[in-house]
Amino acid sequence: MSLDLVCIGEPLVELNQTRPGEPEVLLGHGGDTSNCAIAAARQGIRVGYWTRLGADAFGDAFVELWRREGIDASMIPRDPAAPTRAYFVGHGPRGHGFSYLRNGSAASCMRPEELLEAWLRQARILHASAISQAISSTACDTVFRAFELVRAASGIVAYDTDYRPRLWPAARARAIVNEAARQATILLPGLDDARALTGLDDPDRVVDFYLGLGASIVALTLGAAGALVATAERRERLAAHRVRAVDATGAGDAFDGAFLAEYLRTGDPFAAGRWANAAAALATTGFGAVAPLPTRAAVEAFLAGEAGR
Ligand code: ADP
């Protein structure tokens with residue numbers, strides 16, 4: 001069976017504190033590219049995911065999650081030596097904060113020669129993020145090699161510039177992200193990351209910068225201000241949908257997955273942007289990165305409800 005979308009990166013188990021100061025945690029799933037894969041699968045397209053997992057219980061939890069979501073994870077190696085890692089979400093008087101326990105993860109040990117070329121070449125779109133490349137230099141090389149393979153098979157490369165300053169120095173992050181943007185057809189930056197990476201403030205200038213590097217489509221997310229979708233010929237500013245937003249964790253990943261699924265269905269980046277803007281708004285209405293990711297039917301119902309108002 002061929003695949004519409006393959007995502008590559010690092011999944012992380014989420015340990016979410018149930019109450020401030022309490023030792024109990026709720027086990028969940030995160031990792032930007034895994035969230036994106038699930039968001040896309042819920043739109044009804046065929047999705048594959050590639051990473052490396054530890055031969056451990058956290059790894060089993062991801063295999064089970066992707067099985068439930070109908071995602072092809074059959075090519076993922078299990079590493080007996082390096083673990084599946086996690087992050088902790090703590091809740092305190094000043095809101096919530098993230099602590100990452102990701103050093104030495106199985107995913108960060110990925111190497112280009114481990115890529116299963118025949119499996120990867122089926123992808124109509126390959127999606128990776130700057131986090132997929134920041135976790136180690138071999139992961140960075142693996143992502144570039146995957147780009148090469150998919151492009152050689154006439155597939156499309158999509159990339160989210162997700163920037164985590166703690167994972168790598170700014171100069172290296174800029175160099176790698178700009179090179180990835182040159183190679184990508186679809187670029188999916190968030191405004192905060194793009195500002196930090198480019199030094200530009202205005203969304204239109206950010207979009208100009210990334211189109212200038214070579215991306216054909218730039219869909220810049222603007223948080224509660226919506227999104228800006230652009231090609232060399234046209235750009236469209238999308239106002240955010242009015243929803244009762246309670247947790248924007250993973251909203252960008254929801255946007256990416258819904259955008260890529262709708263782009264594959266329609267070939268229209270502006271239709272994809274409108275769809276993703278609605279899907280991401282819905283994703284902010286529940287807690288956690290995965291649970292509130294909407295299905296295609298939920299996005300359809302939401303848009304129909306808005307049109308009827
Ligand atoms: P990231 O998670 O990458 O920082 P953003 O915060 O830019 O991503 O959010 C991604 C998308 O989620 C936005 O483009 C928008 O469509 C939607 N979104 C985020 N916050 C809200 C909100 N408060 N209300 C409605 N939609 C939102």
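**Sheet and ligand site**

Trainee: In β3, which residue is the bridge partner of L15?
Mentor: This is a predicted model, where local features need pLDDT of at least 70, side-chain atom pairs count only at pLDDT 80 or more, and totals for chains, interfaces and linings use all residues. Residues are numbered from 1 along each chain as its sequence is written, and side-chain values use heavy atoms, without hydrogens and water. Strands are DSSP runs of E, at least two residues, numbered from the N terminus. In β3, L15 has as its bridge partner L27.

Trainee: What is the strand order in the open sheet?
Mentor: Four strands form it, with mixed pairing. The edges, each pairing on one side only, are β3 (25-30) and β8 (95-101). The order is β3-β2-β7-β8.

Trainee: Which strands does helix α2 touch?
Mentor: Helices are DSSP runs of H or I, at least four residues. Contact means heavy atoms within 4.5 Å. Helix α2 (residues 57-68) packs on the sheet, touching β2, β3 and β7.

Trainee: How far is a ligand oxygen atom from an N or O atom in the side chain of N277?
Mentor: For the T221 side chain, the distance from a ligand oxygen is 2.9 Å. For a polar backbone atom of G223, it is 2.8 Å. For the N277 side chain, it is 2.7 Å.

Methods. Pairing = 2+ DSSP bridges. Axes fitted to C-alpha atoms, helices over the stretch in contact; angles between N-to-C directions. Polar contact = N/O pair within 3.5 Å; in protein donor to acceptor, adjacent residues only side chain to side chain.
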